[in-house]
Amino acid sequence: TTQKPMASRVAKEFQQSFGEISNKDYKEQACFFLNAFWSSLQNEAENVWKYVEIFTKLDPKGLAGHALDEWMSHKFLESLGETLTAIELRERLRQIDVDVDKQMSFLEYGLFKYNKSVQQLMTAPQGSNKEEMDVAQGKVDAAQAALDDVLSKLAQQREVEAPFKKADEENKHALAELQAQEHAYQDKIAELERKSQEGGVVSRNKAVAELEQLKSQDPLPLARARINQTASCKKAEKARAPFLEATQRVEAAVAECDARFKEALAFLDTVKAKGGMPYGRIWWMEREIAEKKKFLPGYKKTQ
C-alpha cells in the first residue's frame, strides 16, 4: 500500500502566508523572524546571523536558497554540535519540518530553536513605515556600490603594485651595490694616501701615481654601479607614478565609501528611534554594513 503523505502541521489559516515567507531567501526569512520576536530575541540576533550563514553555505543555491533538503539539514544540525544517530536526526527534522515538505527552512529551524509557534510568528507585528525602510535600503545599497568601487580600485592598484615593488627592490639592490663600491673606492684612496706618506721614496712615489690615476676616473666596478643605479632609479620612478595614482584613487574611493556607510548608519539610527519599526530588519542592515566594512583598507574591529 502507498503511504499517505503526512499533513502539514501549520494551521490552515496560516499555510499560504507561512509558505510565502518560507519560500523567500534566508535573509528575508531571518528578518521576518527577528521582526516578529524582537522584544524577546534581540540578544539572539547575532546567532540568527550565524545560522543564516551556515544555511547559505550548505545550500547549493547559496544566498538565493530558501530551504535545505534532508541531507543538508543533517549537515546543518551536525555543524551545531548535534551528535545524533540517523534515526534521532530524522526525528529531530520531523519536529522541525512543520509544513512536512521534507525540507528545513530557516523559519522552521528558528521556531524549533526558540520554541515559538507558527501562529505567534504570523500574528506578531512586523513593523511599519515601508517608505523609510526603502530609503534605508537604498542607502545601504549605495554603500555596497561604493564598497564595490573600492574593491575594483584595489584590484587596479594591485595590478600596478607588483611592477612597482619589483622595480623598487631592484633600485634598492642597485643603491646598495653603489654604496659598497663607493665605500671600497674611498677605502682604496685612504690606503694610497697613507702609503704616499710612509716608507721609502720609491714606494711613496708609486702610491702618489696610483692615487692620481685612481682619482682621475672611477674604477670600472664603481662606474658600472653608478650607471646601474641611475637606470634602476629611473625605472622605479616610472613604475611609481601609476602606483601612486592608483593609490590616490583607492583613498578617494575609501573616503566616499566610509561616508556612505556613515550616512546609512545615521539614517538607521534615526529610524530606530521611532516606535513600531521593523527592528529585526534594521538590525540586519546594520549588521550587513559592519560585515562589509571589514573589506575596507585599514579596517579595525571595534568591540
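Reply: Axes here are lines fitted to C-alpha atoms, for helices over the stretch in contact, and angles run from 0 to 180 degrees between N-to-C directions. Helices (H or I, at least four residues) and strands (E, at least two) are DSSP runs, numbered from the N terminus. This is a predicted model, in which local features need pLDDT of at least 70 and side-chain atom pairs count only at pLDDT 80 or more, while totals for chains, interfaces and linings use all residues. Residues are numbered from 1 along each chain as its sequence is written, and side-chain values use heavy atoms, with hydrogens and water left out.

Me: OK, how do the axes of α8 and α11 cross?

Reply: The axes of α8 (residues 130–195) and α11 (residues 279–293) come within 11 Å and cross at roughly 10°.

Me: Switching topic, what is the radius of gyration of the protein?

Reply: The protein has 35 Å, whereas a compact globule of 303 residues would have a value near 19 Å; the radius is taken over C-alpha atoms, and the globule rule is 2.2 Å times the number of residues to the power 0.38. Along the principal axes, the C-alpha atoms fill a box of roughly 120 × 50 × 30 Å.

Me: Where does aspartate 25 lie, and what is it in contact with?

Reply: Aspartate 25 lies in the loop between α1 (12–22) and α2 (26–41), and, leaving aside neighbours within four places in sequence, aspartate 25 is in contact with Leu63, Ala64, Gly65 and His66. The C-alpha atoms of aspartate 25 and alanine 64 are separated by 5.5 Å, although these residues are 39 apart along the chain.

Me: Which phi value does lysine 102 have?

Reply: Lysine 102 has a positive phi of about 60° although it is not a glycine, and lysine 102 is found in the loop between α5 (86–96) and β2 (104–105).

Definitions and conventions. Contact = heavy atoms within 4.5 Å.
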